[in-house]
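Me: I have a structure open and would enjoy talking it through with you. Could we take it one question at a time?

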Amino acid sequence: MNNPLALEIPAPPSHVAEDHGVASEVDWPAVAGELAGLNLVTVPRQRKSLSRDFFWYSPILEEELRGCVADLVVKCSTEEDVLRVAAVAARHRLPLTVRGGGTGNYGQCVPLVGGLVLDVTEMMRILEVAPGRVRAQCGARMSNIEQAARETGQALRMWPSTWRVATIAGFIAGGFGGVGSIRHGVLRDSGNLLRCRIVSVEAQPRVIELAGDEIQQVHHAYGTNGIITEVEVALSPAVDWIHVIALFPTYRQVMDAAIAASRPDIELFLLSAVDAGFSPYYPVLGQHFPADRHALFVMVAPDSLDALRALVQAQGGEVSLAMTEPELEARGLPPAYECAYNHTTLQVLKVDRGWTYLQVAYPQPFDPAIIDRHIERFGGDVLQHQEFARMHGEYATFALLLVRWKGTAHQYEIIRSIESDGCVIFNPHVVTIEDGGMKTIDTAQIDFKKRADPLGLMNPGKTRGWSPGMALHPLP
């Protein structure tokens, strides 16, 4: 075939293994020919870049996933493009990994066995903003959706701290909660996710519509069981949040203040406790977050600011900053959400790659004595960072701990020690859904995979719940 791309597309890589139920030999020039007219990326450097996410937060995954590269990247701008790619993947039995903004940190959009990466960031249209809801294409950035919603006096209920880059479908496929979860719960809570469209991966792909709790079949499934092309999520009335930093001499005072602030009459959008050890990585904050003080980073409604100030003072702290986001921007200061969730990890790792992190869920009701024990037990090897949120209508406490990297054995020693206190670890050093924190196989998600990915081509190796023998037509 006279294909101008033929010289740039590599020979079939040896890492496409038959035990994943995908083709071991692929005629990539023929695949490119069938996708002619779409935006194909074949240059090795670009393919490598589009085969990575923030898995480098983990030295373990950095080593494990370093060589995982797509054989071909295709960028889609319409659902019709997606249907075409899905059909080609099915005909050739190609591994297919969907990519959004690439801000995940478990390797969710890394092609473990090569194949196709489907980049949806050109599917960025915001289709409709209506009272209480917004509908957008899968690749729309969450910050752009928020801006469109704000123009109608509404706002997203929650978003990741990387929302300037993160896409809406990527958040749903790989996220759990985020900024806003103290007010609106986690993504899984009823009423947050309203509707989505899924393209199946088969020779004649179908569009499947899910609504309400049906979306749990694809939520947090790492893109293993269908291509999300369109999403509708709930909106709430917009609030001009005040970004607050409250400082305390001891971390126990931070914990006590956060617990005291976790109540309905103080209207919050963010409540994050951050160890003083993070202070050097935020030099721009200066005396707003000095190295001898631990901090609460808060987004609070203007009507609740006085109550929050009084609470902080009662717990032995002081408010060092209280500004709107435009005021912070005018002064070159970061918003509170960039001092929260995994943005703190990112801020540290940009400067010092000698750290990694862990995600923890604490037993409820939360007992801050657990944190006291961990501070005494781990010393400077672990910097504390807790997020206060709601889940299923109840207050809950999670952590994104910064852990000094001293090798795999040391990391798992800390994991076992934290688990001995009844905590649940969401392990960011593994690639599968189940080992990362779900702990059990979600049979509803696997059943949906049989429906939407009957050949088992999506994200091979990312879920332990699927085996090649489940495929509709398994390879011999």
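Me: Which residues of α4 are buried?
Reply: Happy to start there, keeping in mind that this is a predicted model. The buried ones are Glu 79, Asp 81, Val 82, Val 85, Ala 86, Ala 87, Val 88, Ala 89, Ala 90 and His 92.

Me: How far does α4 reach from its first C-alpha to its last?
Reply: With 14 residues at 1.5 Å a residue, a span of 20 Å is expected. From first C-alpha to last, α4 reaches 20 Å.

Me: Are the rings of Tyr 57 and Tyr 357 stacked or edge-to-face?
Reply: Their centres are 5.6 Å apart, which is within the 6.5 Å limit for a pair. Tyr 57 sits in the loop between α2 and α3 and Tyr 357 in strand β15, 300 residues apart, and both are buried. The planes meet at 85 degrees, over the 60 degrees required, so the pair is edge-to-face.

Me: How many residues apart are Trp 159 and Tyr 337?
Reply: These two also form an edge-to-face pair, 4.9 Å centre to centre with 90 degrees between the planes. Trp 159 lies in the loop between β7 and α6, and Tyr 337 in the loop between α10 and α11, so the pair links distant parts of the chain, with a separation of 178 residues.

Me: Which residue has its charged end over the ring of Trp 466?
Reply: A charge counts as sitting over a ring if it is within 6 Å of the ring centre and within 35 degrees of the ring normal. Here the charged end is 5.2 Å from the centre of the Trp 466 ring. It belongs to Lys 449.

Me: How many disulfides are there?
Reply: A disulfide needs two cysteine sulfur atoms within 2.5 Å. The sulfur of Cys 76 is 8.6 Å from its closest cysteine sulfur, in Cys 138, so it is too far for a bond. For Cys 109 the closest is in Cys 68 at 12 Å, again too far. The count of disulfides is 0.

Me: Is Cys 109 buried or exposed?
Reply: Buried means under 20% relative accessible area. Cys 76, for its part, is buried at 0%. At 7% relative accessibility, Cys 109 counts as buried.

Me: What is the distance between the C-alpha atoms of Thr 152 and Ala 130?
Reply: Thr 152 lies in the loop between α5 and β7, and at 44% relative accessibility it counts as partly exposed. Along the chain, Thr 152 and Ala 130 are 22 residues apart. Their C-alpha atoms are separated by 8.4 Å.

Key: Residues numbered from 1 in each chain as written. Predicted model: local features only at pLDDT ≥ 70, side-chain atom pairs only at ≥ 80, totals over all residues. Heavy atoms only, no water. Phe/Tyr/Trp six-rings, centres within 6.5 Å; stacked < 30°, edge-to-face > 60°. Helix = DSSP H or I, 4+ residues; strand = E, 2+ residues; numbered from the N terminus. Buried < 20%, exposed > 50% of the residue type's maximum accessible area, 1.4 Å probe, protein only. Expected span 1.5 Å × (residues − 1).
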